[in-house]
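Trainee: I have a model open and would like to learn how to read it feature by feature. Could you walk me through it?

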Amino acid sequence: MTGVVKKRRGMTLSQRRAVTGLLFISPFVLGFLLFYVRSLWMVGQFAFSETTTEGLGYTTRFIGLENFRYAFTGHPRFTQILTESLINMVVDVPLIIFFSLFIAIVLNQKFRGRTVARAIFFLPALLNAPAIVQALDLVRAMMIGGSSPAPSAVVDSVSGAGGGSAGILYYIDLLGDIALPETVLEYIVGAVSRINTVITMSGVQIIIFLAALQSISPSLYEVAKIEGATTYETFWKITFPMVSPLLVTNMVYTVLDSFVNSRVLQEVYDTMFGEQNYSVGAAFSLISMISVCGILGIASYAVSKLVYYDN
Amino acid sequence: MESLKQRIKKFNADTRMGNERQRIIRWLMGFVLSLFRLALIVGISYVILGPIIGIAFNSFFSNEDAYSPAIYLIPQSPTLERYSLMLTVTQYWKVLRNMLFYISSLSLIQIVVCSMVGYGFARFQFPLKKILFACVILVIVLPAHSVILPLYVTFRNFDPLGILSLITGGNPPNMLTTLFPMYMLTIFGVGLRSGLYIYIFNQFFRGLPKEIEEAAFVDGAGTFYTYLRVMVPNAMPPIITVLIFSLVWQYNDVFYANVFQISGDWALSKKLNTLGNTLSGSYRIIDPNISSLYVYAGIIMMILPMIIIYIFLQRRFIEGVERSGIVG
């Protein structure tokens, strides 16, 4: 009997499996501790103290909440940029989600050339280097009718790319003549002028929704058809619940994507690396991080009410 | 000769024609819907492709074309001069070669590391598993900006536990401007969007049937051998997905390249960002009309390799996303 116990080397199978599992994930755990936990701790340290850089090194002196007070009351732009970015995000995210769901449903139908269409719709996600995005946005704005402050030089040189004389703004002005309520009109105008942003930011989301749509079992639709459900009912009773778990995923992705491209992070970056002001930069980044996490939390809670989990 | 109105009335009233009528109505509805769909898809494709096509055509404009108001899209005297200058300004072939080596090695490491971590989370039970997986989610959710400053400071004075300065006896080495930080981060599974890749692999491995592993185990394969010879060959969809994402995002990355001051010899995207200044500074091309033409040529040269890779992998990529279990 003792021989058998010795052969087990003191570990049960499940313990051995646990050790192997930990070995598999060890790179991530080490990386997380070394680069994330430590970094977050240092960001906290920077944010609550005054940093002076000398050569390659730096010294910190604890000053409490001073940096945060400065961010909200002292800094000329930060509060404005922060609210602007957050508002943009809150407006953009639902638009992008609905747009990508709609497009995914359209692309999920069978028609000729849909592989090409899918490839094109995903293209913007590939072309997201800042320089490319800027150039494309510029040209696109001119195509649609120049609501962006494009330098006249470039306008002239690329008016070939379709610069129409009656731009989108003209039609928006026409809308003003219909007696729509001011706020409704503003939202429509906003949505229309954001259509570029929405289209170019939906690539990944469309693919994810498409994948979800493909994974719905056709027998569900068959049953609905036999029972005499209309297309409208089929959408709300089958399609929507089945893709709803992906709403949260897509929402998180969209919020983060629009946050990463927002002006507030540009400001954070400039403060940290342009002005070499570590403390204020760290405070900015903490504030923006916390506000985005807040938005994510509220939005995920709200969306998760809509989600149907299949188990 | 009865009027058309009467004939339609008769047709509607005729019960024997009921099926026919419905068929026509359904066909009409389908036709209208597909017209609508066509318009929508063509319109959106135009918004996406229009600027790219515009840029591509404009990059062939000669100086006269750029100033001639009569020229629309198709240049009268096309020139390759933009491209020939851009090839020298950006040292295109050299940088492209460097970069392909750099980003493909990073992507390979991403695939190896993230698939291992994903497999570990998917198939093994160990203490604190839930908390550790929450850390993966945290890495996905926290933008890199929030931890970049400490990383910058760390790599500027790279001295883990004071070991390096003990060996060299002097100041700790400055790792900025080298590729070392990116490789470090990627090897430890916290590189550019590694969290997302870990998540993708985890979801996929969780969806694979346990039986294939058990069979390998019964046949006497070790855990690592099972992972390498049984799981990885089965994981082609997520591997393709992660490969494309990783190549593309790394290729486009400017943020990390700027923070870690990676030289333009390794980052085409960074070169493109400063192209306007380079042109006016070193080549005396100050006229914005003309210099934007050069920038367009640069953009086309930058996106071309990616488009080519995408065209080759596109079909498998979209299938890959669908089957890689992002959807759960």
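**Confidence first**

Mentor: Gladly. In chain A, residues 1-6 keep a pLDDT under 50, and the model gives this stretch zero contacts beyond four places in sequence. This is a predicted model, and where pLDDT is low, the predicted coordinates should not be read in detail.

Trainee: How many contacts beyond four places in sequence does the model have for residues 145-166 of chain A?

Mentor: There are 39 of them, although pLDDT stays under 50 over residues 145-166 too.

Trainee: How should I read a salt bridge?

Mentor: The idea is that side chains of opposite charge can pair when their charged atoms come close. A search of the whole structure finds seven salt bridges over all chains. One of them joins A:R77 to A:E267, with 2.7 Å between the closest N and O atoms. A:R77 lies in the loop between α3 (66-74) and α4 (78-108) of chain A, and A:E267 lies in helix α14 (residues 263-274) of chain A, so the pair ties together parts that are 190 residues apart in sequence.

Trainee: Are A:R77 and A:E267 buried or exposed?

Mentor: A:R77 counts as partly exposed because its relative accessibility is 35%. A:E267 has a relative accessible area of 7%, so this residue is buried.

Trainee: Which residues are joined into one network by salt bridges that share partners?

Mentor: Start with B:D265 and B:K271, which form a salt bridge at 3.8 Å, N to O. B:D265 is partly exposed at 26% relative accessibility, while B:K271 is buried at 16% relative accessible area. Salt bridges with shared partners then join B:K94, B:D265 and B:K271 into one network.

**Aromatic rings**

Trainee: What should I look at in an aromatic pair?

Mentor: Look at the distance between ring centres and the angle between planes; over 60 degrees is edge-to-face. There are 38 aromatic pairs over all chains. Among them, B:Y92 and B:W93 are edge-to-face, 5.1 Å centre to centre with 70° between the planes. B:Y92 is buried, with 7% relative accessible area, whereas B:W93 is exposed at 57% relative accessibility.

Trainee: Which residues form one aromatic cluster?

Mentor: The cluster includes A:F35, A:Y269 and A:F273 from chain A, and B:Y152, B:F155 and B:F180 from chain B.

Trainee: Where do charged ends sit over rings?

Mentor: The charged end of B:R82 is over the ring of B:Y294, 4.9 Å from its centre. The charged end of B:R193 is over the ring of B:W249, 3.8 Å from its centre.

**A helix and a residue**

Trainee: How do I check a helix such as α10 (residues 194-207) of chain B?

Mentor: Compare spans. At 1.5 Å a residue, the 14 residues of α10 of chain B should span 20 Å, and the end C-alpha atoms are 20 Å apart, which agrees. Because 10 of those 14 residues are buried, α10(B) is largely enclosed by the rest of the structure. Among the buried ones are B:G195, B:Y197 and B:F201.

Trainee: And what is B:A216 in contact with, leaving aside its neighbours within four places in sequence?

Mentor: Its partners are B:A221, B:T226 and B:V230. B:A216 lies in helix α11 of chain B and is buried at 12% relative accessible area. The C-alpha atoms of B:A216 and B:V230 are separated by 7.7 Å, with the two residues 14 apart along the chain.

Note on methods: Residues are numbered from 1 along each chain as its sequence is written. Chains are lettered from A and ligands numbered from 1 in the order in which they are written. This is a predicted model: local features need pLDDT of at least 70, side-chain atom pairs count only at pLDDT 80 or more; totals for chains, interfaces and linings use all residues. Side-chain values use heavy atoms; hydrogens and water are left out. Rings of Phe, Tyr and Trp (its six-membered ring) pair if their centres lie within 6.5 Å; planes under 30 degrees apart count as stacked, over 60 as edge-to-face and the rest as tilted. Buried means under 20% relative accessible area, exposed over 50%, partly exposed in between (1.4 Å probe, protein chains only). A charge sits over a ring if NZ of Lys or CZ of Arg is within 6 Å of the ring centre and within 35 degrees of the ring normal. Helices (H or I, at least four residues) and strands (E, at least two) are DSSP runs, numbered from the N terminus. The expected span of a helix is 1.5 Å times one less than its number of residues. pLDDT is the predictor's confidence in each residue, from 0 to 100. Contact means heavy atoms within 4.5 Å. A salt bridge is a side-chain nitrogen of Lys or Arg within 4 Å of a carboxyl oxygen of Asp or Glu.
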